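Colleague: I'm new to this one. Could you pick a single part and walk me through it closely?

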Amino acid sequence: MPSQSWEVNRGWTLAANVAADLDAWVRLLALHNIDDLADAEPDTMRFRLYHLPARLADHARRRYLRIERAWPWAKPFTTCWHRLTTRPTAPRDKERSDLHDLRAPWNPGAPGHVRGSGVLTATR
C-alpha cells in the first residue's frame with residue numbers, strides 16, 4: 001500500500017476500484033466492437049485512449065474538444081465519446097400513461113400529490 005495510514009490506504013483502494021470499474025464499463029458500453037480496445041489492458045487503454053493529445057476550448061458558451069487529426073486513435077475515441085454522451089430515448093409505456101407529469105405545477109388537491117410537502121409522487 002502507498003501509505004502507512006489506514007485511512008489513506010482505504011481511500012487509495014476505493015479510488016483504484018472506481019477507476020477499474022469505470023474502465024470496464026467504458027470498454028463494455030462504448031468499445032465493444034473496436035477490436036484493439038474491446039479487450040485491452042488498463043495500460044493499453046491509458047496510452048491509447050485516456051492520454052489523448054487534445055485541447056479543451058471554450059467558445060460562445062460551448063466547449064469543444066480539439067483532437068489532433070494525426071493521432072491514430074482519434075476515430076475510436078470519438079466513437080466512444082458519442083456512444084457515451086448520446087442517450088437513447090425511452091420507449092413510451094402504456095403503464096406510464098397514468099403517471100402524473102413531474103413538470104406539472106403543484107396542486108395539493110390533485111390525487112398523487114403529497115399534501116403540504118410540494119413533492120409529486122406517482123400513483124398507480
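Predicted model: local features only at pLDDT ≥ 70, side-chain atom pairs only at ≥ 80, totals over all residues.

Modeller: Let's begin with helix α4, residues 74–85: at 1.5 Å a residue, its 12 residues should span 16 Å, and the end C-alpha atoms are 16 Å apart, so the two agree. Several residues of α4 are buried, namely Ala-74, Pro-76, Phe-77, Thr-79 and Cys-80. What covers them includes α1, α2 (35–38), α3 (42–50) and β2 (62–67).

That brings us to α1, which runs over residues 6–30 and holds Asn-9. Asn-9 counts as buried because its relative accessibility is 9%, under the 20% cut-off. A polar atom of the Asn-9 side chain sits 2.7 Å from the backbone oxygen of Ser-3. Setting aside neighbours within four places in sequence, Asn-9 touches Met-1, Pro-2, Ser-3 and Gln-4.

Now for the charged residues. Side chains of opposite charge can pair when their charged atoms come close. The whole structure has four salt bridges. One of them joins Glu-7 to Arg-10, with the closest N and O atoms 3.1 Å apart. These two are three residues apart in α1, so about one helical turn separates them. Glu-7 is partly exposed, at 48% relative accessibility, and Arg-10 is partly exposed at 48% too.

How values were computed:
Residues numbered from 1 in each chain as written. Heavy atoms only, no water. Helix = DSSP H or I, 4+ residues; strand = E, 2+ residues; numbered from the N terminus. Buried < 20%, exposed > 50% of the residue type's maximum accessible area, 1.4 Å probe, protein only. Polar contact = N/O pair within 3.5 Å; in protein donor to acceptor, adjacent residues only side chain to side chain. Contact = heavy atoms within 4.5 Å. Expected span 1.5 Å × (residues − 1). Salt bridge = Lys/Arg side-chain N within 4 Å of Asp/Glu carboxyl O.
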